[in-house]
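Biologist: Can you put the model up? I'd like to go through the fold with you.

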Amino acid sequence: MKSITISVFTSPTCPHCPSAVNLVKEVTKEDKAVKMIEYGAANPNTRKKAVELEVQSVPTIFVKGEGYEKNIGFRGTPSKNSLLDAIKIAKGEKEYSEPKQFSLTNWFAEKTGIRIKF
């Protein structure tokens, strides 16, 4: 069984952090391979880790596992399905695909059938 670590960066004054922590706790109860580490902004040791991972807001969540070499990050509280997908990627059970950049020009071309050459 591949172990997964979910790091959650929180602040005691953040109104959204409790829901992020509760979501991760729910997932850890469902999957024993998943462990949570909470990094509270009130802890002085957290700053070094936050700087290392370029955390700029809370809640921020990182999923890391043996099946994928990089951290999979979320700013804010993700949906449960998004978090479960990240866990599958971290386990190596699902391929990661980079999200496509939205382009208004391409969207318009697809909707209208107009071919645009650059």
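Modeller: Here it is, and keep in mind that this is a predicted model. I'll begin with glutamate 54, which sits in the loop between H2 and S3.

Biologist: What is phi of glutamate 54 near?

Modeller: Its phi is near 60°, a positive value in a residue other than glycine. Most residues other than glycine have a negative phi, and most peptide bonds are trans.

Biologist: Then which peptide bond is cis?

Modeller: The one from valine 58 to proline 59, with omega near -5°. Proline 59 is placed in the loop between helix H2 (46-52) and S3.

Biologist: On to the sheet. What's the strand order?

Modeller: S2-S1-S3-S4, in an open sheet of 4 strands with mixed pairing. Strand S2 (34-40) and strand S4 (68-75) are the edge strands, each pairing on one side only. From one strand to the next, the twist averages 20°.

Biologist: In what sense do S1 and S2 pair?

Modeller: Parallel, over 7 bridges, with S1 covering residues 4-10. For threonine 10, the bridge partner in S2 is glycine 40.

Biologist: What does H1 touch when it packs on the sheet?

Modeller: H1 touches S1, S2 and strand S3 (60-65), and its direction makes about 160° with that of S2.

Biologist: And which strands does H3 lie across?

Modeller: S1, S2, S3 and S4, with H3 running at about 165° to S4.

Biologist: How do the axes of H1 and H3 cross?

Modeller: At roughly 50°, with the axes of H1 (residues 17-30) and H3 (residues 80-91) coming within 11 Å. The two helices are therefore oblique to each other. The crossing of H1 and H3 is right-handed.

Biologist: Which residues meet there?

Modeller: From H1, Leu23, Val24, Glu26, Val27 and Glu30; they meet Lys80, Leu83, Leu84 and Ile87 in H3. By class, the contact has 6 nonpolar, no polar and 3 charged residues.

Biologist: Changing topic, how many aromatic pairs are there in the whole structure?

Modeller: A search finds 2. In one of them, phenylalanine 9 with tyrosine 39, the ring centres are 4.8 Å apart and the planes are at 15°, so the pair is stacked.

Biologist: Where do phenylalanine 9 and tyrosine 39 lie?

Modeller: Phenylalanine 9 is in strand S1 and tyrosine 39 in strand S2, so the pair ties together parts that are 30 residues apart in sequence.

Notes: Residues numbered from 1 in each chain as written. Predicted model: local features only at pLDDT ≥ 70, side-chain atom pairs only at ≥ 80, totals over all residues. Heavy atoms only, no water. Axes fitted to C-alpha atoms, helices over the stretch in contact; angles between N-to-C directions. Parallel < 35°, antiparallel > 145°, perpendicular 65-115°, else oblique. Left-handed = near helix turned anticlockwise from the far one by under 90°. Contact = heavy atoms within 4.5 Å. Nonpolar A, V, L, I, M, F, W, Y, C, P; charged D, E, K, R; others polar. Pairing = 2+ DSSP bridges. Phe/Tyr/Trp six-rings, centres within 6.5 Å; stacked < 30°, edge-to-face > 60°.
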